[in-house]
Every structure is written in C-alpha cells, then in structure tokens.
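Thank you all for coming.

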Amino acid sequence: MKKDNILWTLFKECFLLSTFTFGGGYVIIALMKKKFVDELHLLEEEEILDITTIAQSGPGAVAVNASLLVGYKIKGFIGALTTVFATILPPMIILTTISFFYDQFINNVVISNILNSMTAVVAAVILDIVFGMITGILKEKFIPQYISLVFAIIFVFIIKLDIIYLILMGIIMGIIYTVIESKRGANNESSN
C-alpha cells in the first residue's frame, strides 16, 4: 500500500466498518482486527489487543476510542482525527435519518424483527472477540495475565462485581507487577 493512500484507507475502512457494524464497540473491534491486522497488515495482533484494552478502559464509546488509537498508531495525530471522524460520521447520518422517520420505524414489525434477529449475530461476534483475546493471553505465557484473567472471571460471573472495580483492580495489579519487576531488575544490576 502506498504511504500517500494510508489516510484515505483509514477513512474508508473506518467509515465502512462503522456503517455496517451493529452491536456496539466490541463488534467493531473484532472487525478492526480482521481489517487492520489480518488483511491490511498495518497493525500486529498484540497491538490490537493493547488497543482493545485501552479503548475499553477509557471513558467514552469503545468504537471511537479504538478507532482513535488505531489511527494514531498507524498515522499519528492526523490518522487519529481521520479515523474518529470516519467512525462517528455514519452513526450521525443514520441517527439523523431515523429521527426524521421515527414514528414510522417505531411500529414497523419488519424493522423490529430484523433488529431482534441481529442480536444472535452480535452475540456470536462478541464471543469471537472474547475467545480471541483469551487465546492471545494464553499464548503470551505471562503469569500476571493468567492471574488477572482468573480473578476477572470469578469477580464477573460469581461475585457479580461492577466493571469499574475490575478495571481499577487491573490497573493496581499492573502497577504492583511493574514495581516488583523494577526492583527485581535493580537487584540484578547491583549483583552484576
């Protein structure tokens, strides 16, 4: 791919992904991975996992956060502006159009059935993301991630802990691990 066309590619792909993605930010992240990692080879799989983590942890819409990070990683500030604009433009157009015809849509049985049927597809795409992320974690063989994964599963499915506490727990565990590793590295340097 020519370097001159990267901004156009970013705009076009994010615009198309945002236009045809139903189910929220988690769905668009899976499609971004397929597009920017698997097809265009503009990002590595580990980078998209990092982007997913940051996008979920930050305030705001996951799709917008992810597109901002993808654009920034590929083409810097101008790439981030391009991908964010391309991601928010389709929903703005679609929602504006729907708002004009709201009365006709709200009672339309066909549209209601279409949206209800799409729920299963969205669930399958989200499962694909979850399994992909778990596979990525297990491939790294990084013990703190294993521990975080087990605790997160326990806290979400058994204890029913709110997501904000899980994010804070992940941040704290990351800080603790960093401190331990930096002390370990300092001890190794002093012994040499």
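Predicted model: local features only at pLDDT ≥ 70, side-chain atom pairs only at ≥ 80, totals over all residues.

Let me start with helix α3, which covers residues 45–57 and has 13 residues. From its first C-alpha to its last, α3 reaches 19 Å, and this is close to the 18 Å expected at 1.5 Å a residue.

Which residues of α3 are buried? They are I48, L49, I51, T52 and A55. Looking down the axis of α3, we find that these buried residues fall within an arc of 160 degrees, and so they line one face of the helix.

Now let us turn to the neighbours of α3.

The partner I take up here is helix α4, residues 62–100, which packs with α3 at an angle of about 140 degrees, the two axes being 8 Å apart. That angle makes α3 oblique to α4, since the label "roughly antiparallel" is kept for angles over 145 degrees. The crossing of α3 and α4 is right-handed. On the α3 side the contact is made by E47, I48, I51, I54, A55 and Q56, while α4 contributes V62, N65, A66, L69, V70 and K73.

The other partner is helix α6, residues 109–140, whose axis comes within 11 Å of the axis of α3, with the two crossing at roughly 120 degrees. Here too the helices are therefore oblique to each other, α3 and α6, but the crossing of α3 and α6 is left-handed. The residues in contact are E46, L49, T52 and Q56 from α3, together with M133, G136 and E140 from α6.

Let me step back to the whole chain, which has 8 helices and 0 strands. Its C-alpha atoms fill a box of roughly 75 × 50 × 25 Å, taken along the principal axes. Of the 192 residues in the chain, 25% are buried. Among the contacts with a separation of 6 or more, 57% are accounted for by residues 24 or more positions apart.

Finally, I would like to point out a few single residues. In the loop between α2 (25–39) and α3 we find H41, whose phi is near 55 degrees, a positive value in a residue other than glycine. Is H41 buried or exposed? At 60% relative accessibility, H41 counts as exposed.

K160, which sits in the loop between α7 (143–158) and α8 (163–191), also has a positive phi, of about 60 degrees, although K160 is not a glycine. With a relative accessibility of 62%, K160 counts as exposed.

How far apart are S148 and I180, in sequence and in space? They are separated by 32 residues in sequence and by 16 Å in space, C-alpha to C-alpha.

Terms used
Residues numbered from 1 in each chain as written. Heavy atoms only, no water. Helix = DSSP H or I, 4+ residues; strand = E, 2+ residues; numbered from the N terminus. Expected span 1.5 Å × (residues − 1). Buried < 20%, exposed > 50% of the residue type's maximum accessible area, 1.4 Å probe, protein only. Arc of directions from axis to C-beta. Axes fitted to C-alpha atoms, helices over the stretch in contact; angles between N-to-C directions. Parallel < 35°, antiparallel > 145°, perpendicular 65-115°, else oblique. Left-handed = near helix turned anticlockwise from the far one by under 90°. Contact = heavy atoms within 4.5 Å.
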